[in-house]
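Here is a short report on one protein chain. Keep the sequence and the coordinates open while you read.

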Amino acid sequence: MTGEERAPDAEAYAGLGGWTPEALSVPGEVRAVVSAPAPVLSRAGGEVDPTAEETVRLAADLVATMRVSPGCVGLAAPQIGVGAQVFAVDVTGHPKAVTVHGTFVLCNARVVEASRWKAGREGCMSVPDLTGDVKRASRLVVEGALPGTGKAVRLVTDGFEARALQHEIDHCAGLLFLDRVAGAHAVYQRKVYL
């Protein structure tokens, strides 16, 4: 998912028990982002062991790639060619973000509560030429595990961060935002490239 540039906010990590990407203790490698119609984007990713070395490396790579990608507020493993249920999110500094948990990575995440559905415009690094209006929950509860520690977390969020989480969870399930639009009338040519 794409948005505006962000700056780190140490206090935002409180909801994740103080977890930060630095807890991964491995440097991330910037990876190429794949574009539709790459087959990995349309297949559900497999569950992962959050404590496994390859999962920790994948998490670090997602953060590194997200940080060098202008406007990126989320990136899922399928977007870098890996069919796994792992994604990174950081909406810090985005003008639409109210609730902000900082930079975090979740493994095997699932939505456990969703309410207050609203339509909003979305873009995606894997669909670089289009945007679309997608109806998503603006209040969300997600459960998942933190890479490295494997600690189970329950994240309560709303607004733009909730939208970003749903977008990335969809990627892990083999769905693009184009699979969620109401029809061709809700898809637009991208006017600004970040």
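Gln-79 is buried, because its relative accessibility is 0% (buried means under 20% relative accessible area, exposed over 50%, partly exposed in between, with a 1.4 Å probe and protein chains only). This is a predicted model: local features need pLDDT of at least 70, side-chain atom pairs count only at pLDDT 80 or more, and totals for chains, interfaces and linings use all residues. Residues are numbered from 1 along each chain as its sequence is written, and side-chain values use heavy atoms, with hydrogens and water left out.

Gln-79 sits in the loop between β1 (74-76) and β2 (86-89). Helices (H or I, at least four residues) and strands (E, at least two) are DSSP runs, numbered from the N terminus. Neighbours within four places in sequence aside, the contacts of Gln-79 include Val-33, Leu-41, Cys-124, Met-125 and His-171 (contact means heavy atoms within 4.5 Å). Ala-60 is 19 residues from Gln-79 in sequence, and their C-alpha atoms are 14 Å apart.

**Strand pairing**

β2 and β3 (104-124) run antiparallel. Four bridges join them (two strands pair if DSSP finds at least two bridges between them). Val-86 has Cys-107 in β3 as its bridge partner. β3 also runs antiparallel to β4 (residues 127-145), with 14 bridges. Glu-113 stands opposite Val-141 in β4. Two residues separate β3 from β4 in a hairpin.

His-94 lies in the loop between β2 and β3. His-94 is buried because its relative accessible area is 9%. Arg-163 belongs to helix α2 (residues 159-172). With a relative accessible area of 10%, Arg-163 is buried too.

**Backbone geometry**

Which bond joins Ala-36 and Pro-37? A cis peptide bond, with omega about 15°. Pro-37 lies in the segment before α1 (53-68).

Ser-25 is also placed in the segment before α1. Its phi is positive, near 60°, and Ser-25 is not a glycine. Ser-25 is exposed because its relative accessible area is 65%. Arg-116, in strand β3, has a positive phi of about 60° without being a glycine. At 56% relative accessibility, Arg-116 is exposed.
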